[in-house]
Every structure is written in structure tokens, then in C-alpha cells.
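Let's read some ring pairs and a helix crossing together, one question at a time. Have the structure open as we go.

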Amino acid sequence: DTDTKQKLYETHRPAKLDVPLAELEVQRLQNSGQATKAFSLLLEAIHALPLKFSNAYSAVLLLKDQGQQQFAWRALLHSVSKYLASMEEPYSSRFLTGSSASNETLADLHLAFGDLATFKLGDTKAAYPFLKRAVQLNPNSAPAWYLFAWASRHEKKPKDLVVKALRKALKVSNGHYVDAKTALDAILEQADNNDEIRKGQQERVAHEAPHGEL
């Protein structure tokens, strides 16, 4: 039964955390409604194997599900960002292979955490640096450009930056990225409408102003 499995796990738990076994135990704890214990064990797993990013991903989601404040998941995402940066260092001592990860792999990891922060957490401030680095590492990724545009717009970055990112998403996807096209059309249409409104206001002011004041 469940109690017996937990006792067996605690009895035979090695001094050095076995990450795969810990992940199974995390799932069991989550399924039995013990989210706090699950999160605590996830933190141990992250400490034991910090470059296994699926654990960090799950821990961030657990924080969100528990209704934790933004600073908690932002702190965890900041740690992830640091480890990703370390993977860009050639011949890093963190790697048994003695070589750095490929740009495409790193870009995908940045994109995954950027997507997590954007759509699962609703936190584009946390997402922005991940997505910015994703497009730098892999400028041929249409999803990365689209999400970078999304985060940029929500963070009130210059409109030209958003438009450029959306056009880049369309370019690298040969025009097939429908979401990027829809977003770009909406922004350009809004800009045209704003221009028309401004033009109308200027004409109205010029018409109503006393002769010689303008």
C-alpha cells in the first residue's frame, strides 16, 4: 500500500540522492496531495543534479499550483538561467564531456522556460530574458521569435522591436507561422488606425483654432 511504499523509500533512501527514484517519489507525493513534501524533494533533486532541467520545470509549476508569490518562482528561474549560462562556457567543469552544449539545445531550453513563464505563469517579465537569449542562440527558430515578440509587447518594449520579431518569425517559417502573421496584422492595423485618429485630431484642431494661432 501507499504507507508501505513510503516507508520502503525512506528506509532504503541512499545517502546521495538517487534522482530517478526521487522523481518517482515526487510523483507519488503529488498524486497523494502532499505538494509541500513533493516540492521539498524536488529541491533536493535539483541540488543533486542541477542540470536536469525537467526537475526545475516541475518545481516552478508546483510553486504556481501552491499559490506561491512571484519572487519564489522567479528565484528558481534565475537559478535555471545561471545554469544555462554555465552551459555556454567551453570546457566547463560541469560537464563530463568537457564541451559546451550546442546553441540549438540551449535555445530550446531557453524557449521552454520562456514558454513556461509566459503561458503557465503569466509572467512575461521572467520570460523576457529567456526568450531574448533563445533568439540570440538560434535566430532560425520561428517559435522563439514569436514568443519574444509576445513578451516584448507585454513588457511594453518599443513597437518596432515587436514588429521586427514577428517579421523574423514569418521569414524563418517561410510565411507559414499563422500566429505571427495574425499578431503582426493586428499591430499594423492598430498603428494605421492610430495614425488616422491623430490626423483627424490635428485637422480638427487646425479648423477650430483662431486664425493665425497655428
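Q: Where does the charged end of Lys-157 sit?

A: Happy to start there, with a reminder that this is a predicted model. The charged end of Lys-157 lies over the ring of Tyr-128, 4.6 Å from the ring's centre.

Q: How many aromatic pairs does a search of the whole structure find?

A: The search turns up eight aromatic pairs. One of them joins Phe-113 and Phe-130, with 5.9 Å from centre to centre and 25° between the planes. Planes under 30 degrees apart count as stacked, so this pair is a stacked one.

Q: Which parts of the chain does that pair link?

A: Distant ones: Phe-113 belongs to helix H6 (residues 103-120) and Phe-130 to helix H7 (residues 124-137), and the two are 17 residues apart.

Q: Are Phe-113 and Phe-130 buried or exposed?

A: Phe-113 and Phe-130 are both buried. They also belong to a cluster, in which ring pairs connect them with Phe-53 and Tyr-57.

Q: At what angle do the axes of helix H3 and helix H4 cross?

A: The axes of H3 (residues 35-48) and H4 (residues 53-65) cross at roughly 150° and come within 10 Å. Angles over 145 degrees count as roughly antiparallel, which means H3 is roughly antiparallel to H4. Their crossing is left-handed.

Q: Which residues in H3 meet residues in H4?

A: On the H3 side look for Ala-35, Ala-38, Phe-39, Leu-42, Ala-45 and Ile-46. Their partners in H4 are Asn-55, Ala-56, Ser-58, Ala-59, Leu-62 and Leu-63.

Terms used:
Residues numbered from 1 in each chain as written. Predicted model: local features only at pLDDT ≥ 70, side-chain atom pairs only at ≥ 80, totals over all residues. Heavy atoms only, no water. Phe/Tyr/Trp six-rings, centres within 6.5 Å; stacked < 30°, edge-to-face > 60°. Helix = DSSP H or I, 4+ residues; strand = E, 2+ residues; numbered from the N terminus. Buried < 20%, exposed > 50% of the residue type's maximum accessible area, 1.4 Å probe, protein only. Lys NZ or Arg CZ within 6 Å of the ring centre and 35° of its normal. Axes fitted to C-alpha atoms, helices over the stretch in contact; angles between N-to-C directions. Parallel < 35°, antiparallel > 145°, perpendicular 65-115°, else oblique. Left-handed = near helix turned anticlockwise from the far one by under 90°. Contact = heavy atoms within 4.5 Å.
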